[in-house]
Amino acid sequence: MTVILLEALAALIILLLIVWWTMFSGRKKGELPGQHDERPDEAGTQRRGGKVGSDS
């Protein structure tokens with residue numbers, strides 16, 4: 001019984017380390033400046049003019 005609990009604890013610790021590594025172990029000073037200045041719908045896409053559903 002204690003072996004199963006130790007294995008579960010080890011798996012939990014490994015999971016927490018993986019989550020910490022992917023979330024908080026990034027660049028030393030955070031994100032690059034200007035990286036998130038544009039809105040997602042304006043980044044690299046252009047909208048076409050005209051009314052919705054018109055064929056001409």
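A: Leu 16 lies in helix α1, residues 2-24, where helices are DSSP runs of H or I with at least four residues, numbered from the N terminus. This is a predicted model, in which local features need pLDDT of at least 70, side-chain atom pairs count only at pLDDT 80 or more, and totals for chains, interfaces and linings use all residues. Residues are numbered from 1 along each chain as its sequence is written, and side-chain values use heavy atoms, with hydrogens and water left out.

Q: Is Leu 16 buried or exposed?
A: Leu 16 is exposed, because its relative accessible area is 52% (buried is under 20%, exposed over 50%, partly exposed in between, with a 1.4 Å probe and protein chains only).

Q: And how many residues of α1 are buried?
A: The number is zero of its 23 residues, so α1 lies largely in the open. For the protein, buried residues make up 0% of the 56 residues.

Q: What span should α1 have at 1.5 Å a residue?
A: It should span 33 Å, and the 32 Å between its end C-alpha atoms agrees with that; the expected span is 1.5 Å times one less than the number of residues.

Q: Switching topic, how many aromatic pairs does a search of the whole structure find?
A: The search finds one. The pair is Trp 20 and Trp 21, with ring centres 6.3 Å apart and planes at 55°, so it counts as tilted (centres within 6.5 Å, using the six-membered ring of Trp; planes under 30 degrees apart are stacked, over 60 edge-to-face, the rest tilted).

Q: How accessible is Trp 20?
A: Trp 20 is partly exposed at 44% relative accessibility, while Trp 21 is exposed at 56%.

Conventions
Helix = DSSP H or I, 4+ residues; strand = E, 2+ residues; numbered from the N terminus.
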